[in-house]
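Here are a few notes to read with the model open beside you. Take them one at a time and check each against the picture.

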Amino acid sequence: MRTDKIYSTFALLAAFSAACAQPSLETLAQSVKFRNIGPAITGGRVIDIESSALQPNLILVAGSAGGLWRSVNGGVTFSPVFEKYGTVSIGDVAIAPGDPKIVWVGTGENNNQRSAHWGDGVYKSEDGGVTFQNMGLKNSFHIGRIAIDPKNPNVVFVASMGAMWTPGGDKGVYKTVDGGKTWTQVLKGSNDTTGFIDVAIDPKRPSTIFAAAMDRIRRPWNYRDYGAGSAIYKSTDAGKSWKRLSGGLPTHDKVGRIGIAIFPGNSKIVYATIDIPSAPEGGQAGTAILKSEDGGEKWTKMNSGRVQGNYYYGQIRVDPKNSQRVYVLGTNLTRSDDGGKTFKNVATSAHVDWHAMWIDPNFPDRVLCGSDGGFHISYDACDTVDFVNTLPILQVYDIGADMSTPYNVYCGAQDNGVWGGPSRSKDPGGVRNKDWKSLYGGDGMYCVPDPDDPNTLYTEAQFASMSRVDVRTRRSVSIRPREQGLRFNWNTPIVISPHNSKILYTGAQKVFRSVNRGDSWTAISGDLSTNDPDKLKGNVPHCTIVSLAESPVKAGTVWAGTDDGNVWVTQDGGANWSQVSANIPDAPKNWWVSRIEPSHFAAGTAYVAITGYRENDFRPLVYKTTDFGKTFVSIAGNLPNEPVAVIREDNLNQNLLVVGTELGAYLTLDGGKTWAKFTNGVPTVPVQDAIIHPRDGDLILGTHGRGILIGSIAPFRQLDADTLSKDLYLFRPNPALIFDPISDSIGFEGDRKFGGPNPDPCVIAYYLKQDAADDPKIEILDAAGTVIRTLTGPKTAGVNSVVWNVRAQAANGRPAPAAPGTYGVRLTVGTRVLSTTLQVQEWRD
């Protein structure tokens, strides 16, 4: 069966040709189709799950930064439905109790975590979660909860946490009575750091509402997760007036996150989980489970034993038919069957760190629950759970790619360790869960494969728990620098020298170098941070090195950037350092240096990205120097207001740059004057890391919410002024791999599965300066010059391509696999003929 595919790809910049109009850079970027290879086996942080008593097979699963996923068959299959809105970071989802077509999404993760991303308000769907419209509250930043009046779906309450990194934002409880057309703030906190994390409507008396306030503020060097503003409020007149509750509730200034649950069978029964992160005078720290049986007037502490909880959780649920059955979501998922007096761990076979739960009102033993490890279903009140390992919502911090053929990819992920897997598979179903290997634990960070030995990986967990891992045996050897008094960042850089793969660099407040693969280290700098004594008093390690790189052009030229705004360079291997951050025009002082990328073409050229999202400054701050940092110019061009997390320069085309922002990825072909967003297969998602594979020209994106995305930008590497001045150009194709397809599934695995698509087998691209009169003909020739396949390509102006399935037309008319070797590629357009060669290689395991 013939499986060749023909399609028009990559467009051209209008600026490159004055002779004829060309498609825009946006069209070019859109033509790059990305494929999500997961991993899905890990799951990822689920922030909320909702379903409907009226439509229990409808399930909505919200990733904290992975968007909204919709199932209409009880979780057998899911589709992403929140791809192209202003954010994919979600705090809460709500379905109208009487109408499952009405769905609300509150954006901005509410967990106050260091990697929590902000939102842009609340969205409403009137078609069951298929499409959405933004309904305002755009400065809410982080939504704690949405509550819909059970008798009138136009009445909605929203608990907003406001800004996390600074005071301010739309903190408070907001109400609409017209389905979101207008909003009124009906309750605000007692100070500018207090927002609202929870709101609950009495299902029997909807004019009674409970709201939980949380006083918190995070800074890069400190997190205060409690304060005098934390409290429970109650209204009995639909939000017109509120009373701060006491009656047994803690009233000191050490109260942290609070969660509320009303028992539907008797709404006088209300439960609360209250975190006390810091012991008050004469008291104890810990998580208290409190119960009221009179609608919140009086509260009794129920638990005498320890219940796990902190600012990261704060969720409590009560069985809709049994007021004695209570779930508390924390590091472990715990259940009480005696009204909160005692708890036992449930769902013990699943990942820890629980955030989400929906209990079926009709069958309360059916529980949908979510953790940092993804989405689970239980049919026995969480004694056992079924892990649905088909959602690719992993929150990646860093990625790596080796030089195997085909290459392997690695990722370090939030609370899911470090994983490695193939960029493509022999399985026609693509890259499956079984193809991934767990290589390291903790919160996975940098993962750097040795370019000369793909079986060696340098990697780490949070705060520089650093090791050298044998990928085959998965054995690890600690290589963390042992000097006393070091400060390491949550995400500590590990760098292999591009000149000698046995030389490594890492950074604390100093830069360290190893010449023996990490077995020993030598400091090659002093403290490169500001060493700010006030920031060093915080409870989060700060004043640390977060970006580190050595020039590929000149050994010993090393760049370092810190989380408090310093940029340094040494040209002599660390003997002398120059601080150059003061030379960056209009750069905010003391802000996080997210990435430094030395050029592949000139020793003095480097790119510096600075991020202000921890200060609620969302400008794209990206700069270039060509003189070792003596001067810098902005290359932000037309980038939108999105903080830049990473920048990469192609190693073949110095004008080809890619940036990953907290909301997507962008391409430039003119060194940063103009940029366009990748949109084909790339949702609105934080792109925390990026690699342009030096051999294959694939752009690999590490996303904080959608795992790993891969798209080919190989033709762009050959796009320059000379190429674009020609009437016709045939690009050099990448080598093609031949192999026998292997599948372990034999087609009987059912519909609940994940497979990351494989790439096209062989892409042949060509450039037309103007529309052609005749259809372009592409011929594949064997070593004897015999044509073994003929393809017809598009004739429109721009860069077009055809896909050869790496099969030859045999004498009997049946296609057969092409043998390894060198093949000719001949392009004919009218009377013009161009030729190049193509390598076909055997896939060797």
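This is a predicted model: local features need pLDDT of at least 70, side-chain atom pairs count only at pLDDT 80 or more; totals for chains, interfaces and linings use all residues.

1. Now for the overall build. You'll find three helices and 71 strands in the chain. Its radius of gyration is 28 Å, close to the 28 Å from the globule rule for 845 residues, so the chain is as compact as a globular protein of that length. Along the principal axes, the C-alpha atoms fill a box of roughly 90 × 65 × 55 Å.

2. On to the inside. Of the 845 residues, 62% count as buried, meaning under 20% relative accessible area. Take the contacts between residues at least 6 apart in sequence: 55% of them join residues at least 24 apart.

3. A word on charge. There are 85 positive side chains and 84 negative ones, and the centres of these two sets lie 2 Å apart.

4. Four strands make up an open sheet in the order E54-E55-E56-E57, paired antiparallel. Strands E54 (644-649) and E57 (676-677) stand at the edges with a single partner strand each, so one side of each has no neighbour in the sheet. E57 runs antiparallel to E56 (residues 664-668), and two bridges join them. Look for Tyr 666, whose bridge partner in E57 is Lys 677.

Methods
Residues are numbered from 1 along each chain as its sequence is written. Side-chain values use heavy atoms; hydrogens and water are left out. The radius of gyration is taken over C-alpha atoms; the globule rule is 2.2 Å times the number of residues to the power 0.38. Buried means under 20% relative accessible area, exposed over 50%, partly exposed in between (1.4 Å probe, protein chains only). Contact means heavy atoms within 4.5 Å. Lys and Arg count as positive and Asp and Glu as negative; His and the chain ends are not counted. The place of a charge is taken as NZ of Lys, CZ of Arg, CG of Asp or CD of Glu. Two strands pair if DSSP finds at least two bridges between them.
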